[in-house]
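Reader: Can you walk me through this one? Keep it short, please.
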Amino acid sequence: MASMTPAERRTRACALPPLQDDDAQAIDDFLDALWAEAGVARQTLSAYRRDLGGLARWRNGSGGGLATADRATLFDYLALRTRDDYSPRSNARLLSALRAFYAHRVRKGARADDPTALLEPPRLPRLLPKALAETEIEALLSAPDATTALGLRDRAMMELMYAAGLRVSELTTLPTAAINLRQGVLRVVGKGGKERLVPLGEEAQHWLETYLAKSRPALAGNRVLSSLFLDTHGEAPSRQQFWTLVKRYAAIAGIDPRRISPHGLRHSFATHLLNHGADLRALQMLLGHSSLSTTQIYTLVAREQLKRLHQRHHPRG
């Protein structure tokens, strides 16, 4: 059977029955508890809501619901998604949502067994973060026309993301109060509400000061707005808007946009620090990683780049 395209998957999802009230209530209760107990990020809560709602609607079509799903049912649903060409990473996130949901139901006494107990997670390919060369970063950061209000904003955004190793969601939601130009530091609220302080660096600080003096007042008008970065409507740019901008500037800089990932500047920040001798523990703190193992993947990126450099330039490479 041929795999389904994303458009075909969306069409089939729209044809499923609406979410039943009891399932909607169970999902709401679970997500409220997850947020209160673990401080899970808003994006994760939204993804879990979609995943659980998708299973509930699929079950309602066969006369069931989340409350009565057994192991065989969950296995069938995961198998269906695999046939429909959902990625292993997407199915792994679904299984994480299901495990957390049914563990919550068992703790509440709403269910005696956990149907996810013997379900195996899909094998995930180990994808290395895509980092740009330092010369490419220079070209990318120089691409915006800083003589315009929006171009100056875009230059400041990209300089800050690269200088501080921010996630896209962290960058676009920054309040003005997070910046301390006198001390040259940035207070970032990352995943799970964890805070970290990150140095700005002279170049990023220069572009931020210029943006705050020349561009932001023009974009804000006479309004008192809390967001650091603004669009022409006085709103914070979305992650998708910033992603589109970076792709456009990559093309202007002569970089294949397909080589740019949403977190490309963050990955480049980490890789370049390691290349210049940064300590892995310090890098973990700067990136806001809970586990050092998450940070260690950048050592593989640096190693691969050194290997390619050797092959390209060594006479016996």
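Author: We can take a helix pair, then the cavity. This is a predicted model, where local features need pLDDT of at least 70, side-chain atom pairs count only at pLDDT 80 or more, and totals for chains, interfaces and linings use all residues. Residues are numbered from 1 along each chain as its sequence is written, and side-chain values use heavy atoms, leaving out hydrogens and water.

Reader: At what angle do α7 and α11 cross?
Author: Roughly 40°, with the axes coming within 7 Å. Helix α7 is residues 149-164 and helix α11 is residues 264-275. Helices are DSSP runs (H or I, at least four residues), numbered from the N terminus. Axes are lines fitted to C-alpha atoms over the stretch in contact, with angles from 0 to 180 degrees between N-to-C directions.

Reader: Which residues make the contact?
Author: From α7, M158, M161, Y162, A163 and A164; from α11, L265, R266, S268, F269 and H272. Contact means heavy atoms within 4.5 Å.

Reader: What classes are they?
Author: Seven nonpolar, two polar and one charged. Ala, Val, Leu, Ile, Met, Phe, Trp, Tyr, Cys and Pro count as nonpolar, Asp, Glu, Lys and Arg as charged, the others, Gly among them, as polar.

Reader: New topic. How many cavities of 30 Å³ or more are there?
Author: One, in a search of the whole structure. A cavity is a set of points on a 1 Å grid over the protein atoms alone where a 1.4 Å probe fits but cannot get out.

Reader: What lines the largest cavity?
Author: The lining includes M161, F242, W243 and L265. Lining residues have an atom within 4 Å of a point. Helix α10 gives the most, with three residues. The lining divides into nine nonpolar, two polar and no charged residues.

Conventions. Helices (H or I, at least four residues) and strands (E, at least two) are DSSP runs, numbered from the N terminus. On a 1 Å grid over the protein atoms alone, a cavity is a set of points where a 1.4 Å probe fits but cannot get out, and a pocket is an open set with protein on both sides within 12 Å along at least five of seven lines; lining residues have an atom within 4 Å of a point. Grid points are joined across faces, edges and corners, and a volume is the space filled by probe spheres set on the points.
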